[in-house]
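My notes follow in the order I looked things up.

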Amino acid sequence: MKVAVFSTKSYDRTFLTAANADEHELVFFEPRLNLETSVLAAGFPAVCAFVNDSLDAKTLETIAQNGVRLLALRSAGFNHVDLAAARDLGLTLVRVPAYSPYAVAEHAVAMILSLNRKIHRAYNRVREGNFALDGLLGFDLYGKTVGIVGTGKIGALTAKILHGFGCRLLGYDVSPNPDCLALGMEYVALAQLFANSDIVSLHCPLIPETYHLIGAEAIGQMKPGMMLINTSRGQLIDTKAVTKGLKSGRIGYLGLDVYEQETDLFFEDLSNQVIQDDVFQRLLTFPNVLITGHQAFFTEEALQNIAETTIGNITDFEQGRTCPNQIDLREVKK
């Protein structure tokens with residue numbers, strides 16, 4: 001099957017090519033897929049897209065008119081796709097619902113440790129010959145209370161790692177996870193989790209109910225000086241409200257691997273440009289903020305899983321088999 005693969009970097013080509021083994025004709029495009037670049041998909045029955053591609057109604061209409069029948073997402077999230085438009089155009093949508101959950105869970109814990117022990121600041125100090133310890137004081141994770149919002153595979157693994165540190169675990173989810181209960185996690189209301197947690201780590205999907213889950217009201221409920229970690233979806237957090245929380249001291253530490261306006265920033269080298277996002281630039285001025293560019297998923301194991309699942313999804317579609325990773329668009333509201 002001929003597949004137009006958008007938003008590709010060298011690592012995408014490496015892992016997808018290895019997983020494909022010449023089964024399909026993969027044509028790699030570095031630009032992101034949007035209305036302007038949609039003409040590149042002409043003549044391809046399948047398009048492979050990533051999280052920052054713009055799959056809005058106009059883009060989908062254009063690629064469908066040019067012969068695209070399959071949208072193969074190499075991501076778990078699909079909030080960047082106009083599902084109603086995809087359904088009305090008769091497109092099939094498949095995704096990668098799970099890839100190494102260890103990658104994201106371990107990155108979340110790495111951010112906790114780095115922020116707490118101020119590794120990012122100490123690294124720069126030592127390189128400059130400054131070995132003073134003033135301003136680098138941390139705290140023991142042992143005995144601290146960690147609130148996990150969303151206890152699916154990634155949230156549960158994050159809880160398991162932190163349990164190993166001797167942390168007390170609080171959880172919030174519509175469906176309690178037996179694995180988390182076995183660790184001694186106590187499921188509580190969200191307000192109670194915020195009020196009692198020294199650290200809050202977000203591991204929930206982006207749906208209408210979780211959009212700006214962390215806003216002014218939630219921040220007002222949080223324990224003063226708490227640590228907030230988000231390796232899930234950028235739009236779970238109202239960045240302006242969090243900035244105010246940092247200024248007031250309600251939020252004592254902030255770790256972000258995702259950002260609500262990341263589309264024009266992440267995955268690109270902008271080191272020679274002036275970043276125009278004033279909200280993001282303001283975050284970078286805080287010494288107690290650590291930001292990584294959506295790299296939590298970025299391990300060899302995860303990239304291999306993503307590539308293999310993506311190729312498997314495309315093969316299922318080509319051969320007319322039921323794909324377990326297909327999104328049922330019939331249930332999408334008009």
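**Entry 1: the seven-strand sheet.** I found an open sheet of 7 strands, in the order β8-β7-β6-β9-β10-β11-β12, with parallel pairing. The model is predicted, so I kept its limits in view: local features need pLDDT of at least 70, side-chain atom pairs count only at pLDDT 80 or more, and totals for chains, interfaces and linings use all residues. Residues are numbered from 1 along each chain as its sequence is written, and side-chain values use heavy atoms, with hydrogens and water left out.

I noted the terms. Helices (H or I, at least four residues) and strands (E, at least two) are DSSP runs, numbered from the N terminus. Two strands pair if DSSP finds at least two bridges between them. Strands of a sheet pair through backbone hydrogen bonds, either parallel or antiparallel.

Next I looked at β6 (residues 145-149) and β9 (residues 199-202). They run parallel and are joined by 4 bridges. V146 stands opposite I199 in β9.

**Entry 2: helices on that sheet.** Helix α4 (residues 101-117) packs on the sheet and touches β9, β10 (226-230), β11 (251-256) and β12. Contact means heavy atoms within 4.5 Å. The direction of α4 makes about 145° with that of β10. Axes are lines fitted to C-alpha atoms, for helices over the stretch in contact, and angles run from 0 to 180 degrees between N-to-C directions. Helix α10 (residues 239-248) lies across β10, β11 and β12, at about 140° to β11.

**Entry 3: α4 against α6.** I turned to helix α6 (residues 153-164). α4 and α6 pack at about 45°, with their axes 8 Å apart. They are therefore oblique to each other. The cut-offs: angles under 35 degrees count as roughly parallel, over 145 as roughly antiparallel, 65 to 115 as roughly perpendicular and the rest as oblique. I listed the contact residues. From α4 they include Y102, V109 and I112, and from α6 they include I154, L157 and I161. By class, this contact of α4 with α6 has 10 nonpolar, 1 polar and 2 charged residues. Here Ala, Val, Leu, Ile, Met, Phe, Trp, Tyr, Cys and Pro count as nonpolar, Asp, Glu, Lys and Arg as charged, and the others, Gly among them, as polar.

**Entry 4: the five-strand sheet.** I then found an open sheet of 5 strands, ordered β2-β1-β3-β4-β5, with parallel pairing. β2 and β5 (92-94) stand at the edges, each with a single partner strand, so one side of each lacks a neighbour in the sheet. Neighbouring strands of this sheet are turned by 20° against each other on average, direction ignored. Strand β4 (residues 70-73) runs parallel to β5, and 3 bridges join them. L71 stands opposite L93 in β5.

**Entry 5: α1.** Helix α1 (residues 10-20) lies across β1 (2-5) and β2, running at about 175° to β2. α1 also packs with helix α12 (residues 300-318) at about 55°, and their axes are 8 Å apart. That makes α1 oblique to α12. Among the residues that meet are F15 and L16 in α1 and L303 and I311 in α12. The residues of this contact of α1 with α12 divide into 7 nonpolar, 3 polar and 2 charged.
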